[in-house]
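The following account leads the reader through one structure, step by step. Please keep the sequence and the three-dimensional view at hand while reading.

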Amino acid sequence: MNITLYLRKRATQFVMLATAAASMALPVQAACEYTITNQWGNGFTASVKVTNNTNAAVNNWNVSWQYAGDNRITNSWNATVSGSNPYAASNASWNGNLSAGQSTEFGFQGTKGNAAPEIPSLSGTLCGGSNPISSSSSSAQSSVVVSSSSALSSSSVTTSASSSSYSPPANNFAENGGVEDGLTNWATTAGSVARSTQERRNGSASALITGRTSAWNGLTFNVGSLTQGNTYDVAVWVKLAAGSPAAEIILTAKREDDADSSSYNEYSNIARVTANANSWTLLRGNYTQSGTPFQHFIIESSSTSVSYYADDFSVGGERDDEPVDLVEASNPIIWADVPDPSVIRVGNTYYMTSTTMHMSPGVPVMKSTDLKNWTLINYAYSTLANNAQLNLENGQEAYGNGSWASSIRYLDGTFYVSTFSYTTNRTYIYRTNNIEGGSWTTSVLNGLYHDSALFFENGRAFLVYGVDDIKLIELTADATAIKPGGINQTIIPRASAIAGTNFYVPAEGAHLQKINGRYYISLISWPVTSGRSQLIYRADNLTGPYQGRIALQDQGVAQGNLIDTPSGDWYAFLFKDSGAVGRIPYLVPVRWENGWPVFGVNGRVPQQLGFAVENYGLAGVVTADEFNSTRLPLQWQWNHNPDNSGWSLQARPGFMRITNTRRDSSFVNTRNTLTQRTFGPQSSARVAMETNGMRDGDYAGLGALQARYGYVGVTQSGGNKSIIMVDTTSGSPQEIERISLNQNRVYFRIDMDFRNQTDQARFYFSLDGSNWRAIGNTLRMTYDLDHFMGYRFALFNYGTQSTGGYVDFDYYRLE
């Protein structure tokens, strides 16, 4: 639908006809159908369909009924329902005008005690039989008086700030309803939306709409697709801008436009309320998905210019989830680069931090409920520091550095994350009360505490850290600084000694835990005579003495910590060096003997783990992106700190635009390269890119990012564009193939094979997105310590001669 037609339809929707059609000197008859759509325990939902079966248009209708038993209504949608048995329903502002033969439908949720849901009489005439009519059954018709009265009550939901007892549904799937993750999922139909920290009902922010000039200008909230026939509990809290008189706020469900441009059946007003500027008011209703596919919810107002806030959007009930197969959990847990894991459990939920080195934002935070399926929920920092190395300025870079091994802890409602950096020679402690999308408070320690991990006990805070000599240093109780005069000593001298005498990597990666009254320190070492090994030390006192043993020597699986399940099972969450894809997590069963954790099954890391999980794959770790949001999904990270003036999701909505803000010499020297993890055993990424903004000397495309990189892209010279493939297997970039490009839009694809550490990448281009041609060499990927991370898929654009050139990426898709 074009925007002009959209504006006309939405404006028409809010016009209230003041008078009835001239032909309606007397009330006319319409048909109605009362249907029980669902029932459970002591509750039910029902709908009433009103059809104008006359030859004349009607304007405004009402219907009334009374239950004989204890059926009662609790919520309604698509109509204004009043009374407390008997009930009266009148049309909403948008569905009162029914042409001849046109229908509208409203619904409600109610309670029925232990009785069956009733089929009541509508306007004195029985509608249906004595038994409930299911949604798949035909309903009997009867007559209902349709009034010409234009009087409308103000809302179908009259809850207000006094509804503080309302709690979102247990299965609330509205992501970022609390506006903690920027404006993800929030937008507008018109007007301007901003994230406000001045007004918020909970958390740190709310969404504010200003600049409205029409009733249909509203905030939108995206929850993805909804299932046909399913009913959802939808709620949001609203508050008017300061100084605004009371105004009606309306919650509307928007479906995709149908073929009828003269109607607006795609809109369903599901709730309305009179809001004010003094307190937060609950706007809540139920929505049943039917018709064209669901698009989004709209929070709008019949007042054409009022500005207002929205917060704590929630949607629960049935949702559009395909049945998920149950599979036996198996290793690797995540076949992607997630090294240095630190895992805790809070209740039934696990949280993990890991390492992404020089990437920004950094220290990813993930959560899981089963130790197998993990989802990114936050980062501890947006930028670690603003310096030449992390900004890729003045010939400096932070490849392989940035931040290293982190730890995560939880204490009294607060999450703590620590990390350290050889780039800044500092140690950082972050804390938040809102782990999912919340902001962090940062404390910086003026010292580098290698592979440090937090430990809390009896109101005291510590860091355990070190290489070979494992040390303990005490922090202030709030973990914001080193405690003057506190503990500062070596607690395990020469911790590597229990594993040998010569090492590629001496003991490091410390994690300190207290389990059943004893203190346990987990370490990793790499003896020359064997692979990476997991060490475990224990003591009865925090400062020792500690006894140690080798806990695991199998496949190089090591470094991490112990974790228990709510049912009392124990595991070690570790990782394995796995070639070009990176360092990937493994879960190792643990049993206890005489106070020692015994790792593995007969000393080996099993592939199958013996418990069932839902099979979501890596959906929470990597993602496709159509670039339709105003905010990037968390799966994206920038190579080093971005220059935020050089990228935009709004310069051309639906595209990621990357603009050159400086001149650079190569793929690995430029800023604003946007990356995601590659993944095994095989992965493929493809993009569509438009190039009409490029300038001479520009290079842009899709890359495989590591020290020995490769890419397929477009370059421009003398006004002419060419597709090229570049390979750095030899240690320096070599252009392998060049093909003239005579169109603006082009498609690129990279296929990666990590099976048995094959570690090969193949490059392709297409002129139509369907027919692909290989280009250049097969890249032999190598895990290089100069970058110290697995290969990344990378969207890039850099200019060697001038600034200002740009490309637009239409999508990023994965297989």
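**Strand pairing, cavities and confidence**

In this predicted model, strand 15 (residues 206–210) pairs with strand 22 in the antiparallel sense, over three bridges. One point of this pairing can be located by residue: Leu 208 has Tyr 309 of strand 22 as its bridge partner.

Strand 22 also pairs with strand 17 (residues 231–240); these two run antiparallel and are joined by eight bridges. Here Trp 237 has Asp 311, in strand 22, as its bridge partner. Strand 22 itself covers residues 308–317, and nine of its 10 residues are buried, so the strand is largely enclosed by the rest of the structure.

A search of the whole structure finds four cavities of 30 Å³ or more. The largest cavity holds about 80 Å³ of space. Strand 48 (656–659) and strand 59 (792–799) are the elements that give two or more residues to its lining. Among the lining residues are Asp 643, Ile 658, Thr 659, Arg 662, Asn 797 and Tyr 798.

How far does the confidence of the prediction extend along the protein chain? The chain averages a pLDDT of 86, and 87% of the residues score at least 70. Over residues 1–30, however, pLDDT stays under 50, and the model has 72 contacts beyond four places in sequence for them. Residues 124–164 likewise stay under 50, with 121 such contacts in the model. Where pLDDT is low, predicted coordinates should not be read in detail.

Definitions and conventions: Residues are numbered from 1 along each chain as its sequence is written. This is a predicted model: local features need pLDDT of at least 70, side-chain atom pairs count only at pLDDT 80 or more; totals for chains, interfaces and linings use all residues. Side-chain values use heavy atoms; hydrogens and water are left out. On a 1 Å grid over the protein atoms alone, a cavity is a set of points where a 1.4 Å probe fits but cannot get out, and a pocket is an open set with protein on both sides within 12 Å along at least five of seven lines; lining residues have an atom within 4 Å of a point. Grid points are joined across faces, edges and corners, and a volume is the space filled by probe spheres set on the points. Helices (H or I, at least four residues) and strands (E, at least two) are DSSP runs, numbered from the N terminus. pLDDT is the predictor's confidence in each residue, from 0 to 100. Contact means heavy atoms within 4.5 Å. Buried means under 20% relative accessible area, exposed over 50%, partly exposed in between (1.4 Å probe, protein chains only). Two strands pair if DSSP finds at least two bridges between them.
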